[in-house]
Amino acid sequence: MKKRFHLSWLCLLLAFINVFAQEKKENVEQLEEVVVTATKFAIKKELIGKVIYQIKSNEIDNLKGKTVVDVLDNIAGIQINGTNNSAGKNKSMYIRGGRDRHVLVLIDGVPVSDPSGVNTTFDLRLLTLSQVESIEVMNGAASTLYGSGAATGVINIKLKKASAEAILLNYQTSIGTNNSQKDSKLNFNDFNQNVSINGTSNKVNYLATFNTSKTEGLSEASEENSSEKFESDPLKTTNAFLRFGYNFNKKVTFQIFGNYDKDVYDYDAGAFSDSEINNGETKQQRVGITSNYNYTEGSFALTASYNNIKRVLNSFNSWTNATDYYEYTGKTYQFDVVNNYKFSNEFQLITGLNFQKQSNLTNSPYGSIDEELANYKTIDPYITAVFNSASGFNLNTGVRLNNHTEYGNHWVYNVNPSFNFTNNFRAISSISTAFIAPSTYQLFSQYGNLDLDPEEVQSMEGGFVFSIKGKLEFNSLFFYREEDNAIILPDFITYRNAEETLIARGIETGVSINVFEDLGIKLGHTYTSKSSDLDYIPKNKFTALLETNSVKNTYLSLRFKSISKRTYFDQYGTGTNLEFDAYSLVDLYASHSLLKDRLSLFIQINNVFNSEYVETMGYTTLGRNFKIGLDFKF
């Protein structure tokens, strides 16, 4: 993107905002709803120039039996390929035409990733929804606050808080089917159990959760082109999480946490190709601390964490007629300190320093990567200014200097003005840049290139939010994104930066209606157009939710999702573009309180009409399935 493009749009936006900022207007109504992801600190939604999708704790409570991937894929602005394939199939996330490495995942504000992977993306299957309190999704470039990877979106997952009671025990269990579209047998092949204990005693709070699940009965590869029935590819997961907190006083809090996650799975040899041998195991060990200090003029926060992910694969090699063994270990050390100083009710300054070290240890038949060689460090200072005028003008702007031990320094910035014309209408806009650092694999593997530059993303967005408190919210925005230096492997010899500029543009729209008693309606639509880099991203995605509490002690919901035609470039097969038909899915969900605040029953039916479609070429797609469960609280 040319510099004049930046400057012209920046001047236009600031001039536009300045004209309206001169007008005398009434104070904007102070709403109670706040978000965190936009600034790393709590701020009222109407004071930011971003649309942030929120999945609150009460909504999570009405999604029992679902996965984190299920929940995110029902947001119009997110497309997760593999959601409706077998449970063990890898998932790829797309936001605003980007790839999965362009999305940063945070857990309680701490970035998580897998340095052993080609794209360093975090495997969302390592997190169970029963641990989650709420989720915020902020689309758009956000590297100024969050660094590498925050190029098209940030997903901030907040884990459950400790109960105010001294001790609270929760047990949840469910069973369900796991059928393809061609199988309608009532075989229970989906089992899940979760137990948690938490509470608060004086200044100490604690939370411990343990989850186990097993899903089987479905082949990962599609048997469509085979006369034989493929074997089942099961997935077994174990998740354990422990957190202790101590409140020294009303100003100072401290928490220490640790989690252990393990996935054991079988996988097939590829599209339309079964395997009775291939299997894998992924283990994650994560420990860390968080601390917050609130003082009269602001807040100070510290996070430090260590994450170790180990992946082991056993894969049959038809050339040698033997089983190949692969082992990958990725380690991440992360430290972040950030201070929010409020000079006045209108102006606050956020300053921070982030340190990360990532390393990769790989052993495979095709080459190994030495951990002592395959590592890098980053030290990033960053600063963001937030101005909220009583006239309705808001501005969030900042810069970050990325200092990388391999490719040197890299600057990113954001300018995010907005204007509250009335208590109900807000215009929003943003110009920002982001970067994606090359992975240790792309730098140090047999295909590695130490001269790689980071991928650079430059984006612009503009739109509006119209809301009537508690009754209606309608938001729509246009986005435009350019990506330079995309890291590619065109010759299967050496990674390099592409010369072509990739362009993505589109429109995101959301509607939330709560004008009817005991009835809620949510609608979402995303249009995405890309210049090249064809994948499974649909041009149009439409989502709808109809929910009601009109029946006593009962919650009912209907979810609808429509995906338009998708084009995929079959790089490893035919070498041509393949087109997949559009499809629509309807899911039903019901929960009923048997004992108030103590025992509830939940039932879900997914793909009610057993729609036949292809989500990923050559892989089995889920058909109509049922799940039933109980949730106990003691």
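Does Phe191 count as buried, partly exposed or exposed, and at what relative accessibility? Phe191 counts as partly exposed, because its relative accessibility is 33%, where buried means under 20% relative accessible area, exposed means over 50%, and partly exposed lies in between (1.4 Å probe, protein chains only). The structure is a predicted model, in which local features need pLDDT of at least 70 and side-chain atom pairs count only at pLDDT 80 or more, while totals for chains, interfaces and linings use all residues. Residues are numbered from 1 along each chain as its sequence is written, and side-chain values use heavy atoms, with hydrogens and water left out.

Phe191 lies in strand β11; strands here are DSSP runs of E with at least two residues, numbered from the N terminus. Phe191 also belongs to a nonpolar surface patch, together with Ile175, Leu186, Phe188, Ile603, Phe626 and Ile628, and the accessible area of these residues together is about 590 Å². The elements giving two or more residues to this patch are β11 (188-201) and β35 (625-633). A patch of this kind is made of residues with over 30% relative accessible area and no salt bridge, nonpolar side chains (Val, Leu, Ile, Met, Phe, Trp, Tyr) being joined within 5 Å and like charges within 9 Å. Accessible areas come from the Shrake-Rupley method with a 1.4 Å probe, and for residues only the protein chains shown count as cover.

The strands β11 and β35 are also connected by charge. Asp190 and Lys627 meet through their side chains in a salt bridge (3.3 Å, N to O), a term that requires a side-chain nitrogen of Lys or Arg within 4 Å of a carboxyl oxygen of Asp or Glu. Because Asp190 lies in strand β11 and Lys627 in strand β35, this pair ties together parts that are 437 residues apart in sequence. Asp190 and Lys627 are both buried.

By this rule the structure has 24 salt bridges. Strand β24 (residues 472-484) takes part through Glu473, which forms a salt bridge with Lys45, the closest N and O atoms being 3.9 Å apart. Lys45 is in the loop between β2 (43-44) and β3 (52-55), so that the pair links distant parts of the chain, 428 residues apart. Glu473 is partly exposed, with a relative accessible area of 24%, whereas Lys45 counts as buried at 14% relative accessibility. A further salt bridge joins the side chains of Arg99 and Glu483 (2.3 Å, N to O). Since Arg99 lies in the loop between β5 (92-95) and β6 (103-107) and Glu483 in strand β24, this pair ties together parts that are 384 residues apart in sequence. Arg99 is buried, with a relative accessible area of 13%, and Glu483 is buried at 2%. Elsewhere, Lys50, Arg96, Glu461 and Glu508 are linked in a network of salt bridges.

Attention now turns to strand pairing. Strand β16 (residues 298-317) is mostly covered, with 14 of its 20 residues buried. Strand β15 (residues 279-295) pairs with β16 in the antiparallel sense over 17 bridges, and two strands are taken to pair if DSSP finds at least two bridges between them. These two strands form a hairpin with 2 residues between them. β16 also pairs in the antiparallel sense with strand β17 (residues 322-342), over 20 bridges. Ser305 in β16 stands opposite Gly288 and opposite Gln334 in β17. The hairpin of β16 and β17 has 4 residues between the strands, and Asn321 in this hairpin takes a positive phi near 60 degrees.

Aromatic contacts complete the description. A search of the whole structure finds 21 aromatic pairs, counted when ring centres of Phe, Tyr and Trp (its six-membered ring) lie within 6.5 Å, with planes under 30 degrees apart classed as stacked, over 60 as edge-to-face and the rest as tilted. The rings of Tyr306 and Tyr333 form a tilted pair, because their centres are 5.0 Å apart and their planes stand at 45 degrees. Tyr306 lies in strand β16 and Tyr333 in strand β17, so this pair ties together parts that are 27 residues apart in sequence. Tyr306 is partly exposed at 24% relative accessibility, as is Tyr333 at 36%. Phe419 and Phe421 form an edge-to-face pair, 4.8 Å centre to centre with 70 degrees between the planes.
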